[in-house]
Amino acid sequence: MPRTEPIKAVRGMRDLMPAERALWRTVERAAARVARSFGYQEMVTPILEHTDLIERVGTETDAVAKELYRFEDRGGRNLALRPEATAGIVRAYFEGHLNQGPQPARLFLIGPMFRYDRPQKGRYRQFFQFDIEAIGADSPAVDAEIIELAATWLREVGLRDVALELNTIGDHKCRPAYLDLLREYYRPLKDKLHGDCQRRLETSPLRLLDCKVPQCQPFKPKAPRITDHLCDECAAAWVLVRRVLDAAGIEYRLNPYLVRGLDYYTRTVFEFYPGGASGQQDALVAGGRYDGLAEAEGWRSTPGVGFAGGLDRVTEVVAASGAEVIPEPPAEVVVLADPGLEVEAAEVARLCRAARTVAVDYEPKSLRAKMRSANKLGARWVVLLGESEAQHHVAQLKDMASGAQVEVPWKQLAESLA
Ligand code: AMP
């Protein structure tokens, strides 16, 4: 028979093998625990959304438009794999009537996102985010609350050395006049800017501030700053966010070049970076306020604030920091039975499972080989079952660390293992 090539994983997609998954689980559990401790409830939205939902709120971002995984389904619908969680959660907030409940709705979601980006280290086409959203939240104190939530999560997973960058980008009242000032400042410099920035100058001038291309850097320090041009409400919000953060003892660096390109983003923007590095590296967490998003989706104008934490990035930094994650053994107890005792071995395992994680070694190998493999698995106990033990409904319980072995009636196995 001709040998066929084995089929490999899709480009940009990766498997998380059990050894890695242990760290991921720790990071996800910390996310859920911290979110719950701040009164946030978990929800799940579909991975597929109408392409329109994503494009209506994201056409202007090069990222979302260019990187969208989109396709036509068998019914001719234009669908997309979600590139981020916020658009879907805001949709669900209205469709699921959370808008009629107590405000704000404090929500979290952990799940895969998809972007058809060029795969590289730390950048995948399927990646995972821990997403926090407070929808219907007007108070700037909630902006500070989610920043504290993110800081708590990063601390709990063992990252002590993270840098928080903070800025405000005003709102629909004060931003248009500021953008005019920014355009006026940059127009005479247009020829000196790189191509993308020349194009963005008229359509999305805020993006000139976060440009990383060297030739555009010299003009930034003299550019007008939005913090000098905020309306009264945005100025008051900017003060309150920082007062709450100061009282919480959360350090931050004001970064006037931290912006978002879309109109629906308002006021607070923030990012957490590892180890004091910023700009050149991927953020661990990125978030901010999006008071114009609900309206952009066609719903009633509703304020909101949230963040997305990259689990791929956070687990990578935790692993590199040498934080010790003790891997869970596949099973704490391994049942080793003589040949022909499969039914009894399964029953003994069932009883032990009341107390511990249990696997049975059914393979046709010698007892020595089975002991070796139980040892490799990291089992803390083995339960040995021979013909005469099976007849008397007893088993030998062996502690792998001490080597001590005792005979235990089946009915007392769970108690002995507790
Ligand atoms: P964003 O939604 O682009 O603001 O990103 C929020 C978080 O998701 C950041 O921490 C990024 O590191 C992470 N992230 C974004 N895109 C990818 C990707 N392609 N692969 C892995 N992580 C990503």
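## Surroundings of C231

C231 touches D171, K173 and C174, leaving aside residues up to four places away in sequence; contact means heavy atoms within 4.5 Å. C231 is placed in the loop between α7 (195-203) and α8 (232-247); helices (H or I, at least four residues) and strands (E, at least two) are DSSP runs, numbered from the N terminus. The relative accessible area of C231 is 15%, so the residue is buried (under 20%, with a 1.4 Å probe and protein chains only).

## Basis of the model

The model is predicted, with local features requiring pLDDT of at least 70 and side-chain atom pairs pLDDT 80 or more, whereas totals for chains, interfaces and linings use all residues. Residues are numbered from 1 along each chain as its sequence is written, and side-chain values use heavy atoms, without hydrogens and water.

## Aromatic pairs

The whole structure holds eleven aromatic pairs; rings of Phe, Tyr and Trp (its six-membered ring) pair if their centres lie within 6.5 Å, and planes under 30 degrees apart count as stacked, over 60 as edge-to-face and the rest as tilted. The rings of F108 and F130 are edge-to-face, because their planes stand at 80°, with centres 6.3 Å apart. F108 belongs to strand β5 (residues 105-114) and F130 to strand β6 (residues 126-135). Both F108 and F130 are buried.

Ring pairs join F108, F130, W153, F270, F272 and F307 into a cluster.

## Charges over rings

R125 lies over the face of Y116, 3.9 Å from the ring centre. K220 lies over the face of Y257 at 5.0 Å. The criterion is NZ of Lys or CZ of Arg within 6 Å of the ring centre and within 35 degrees of the ring normal.

Note on methods. Buried means under 20% relative accessible area, exposed over 50%, partly exposed in between (1.4 Å probe, protein chains only).
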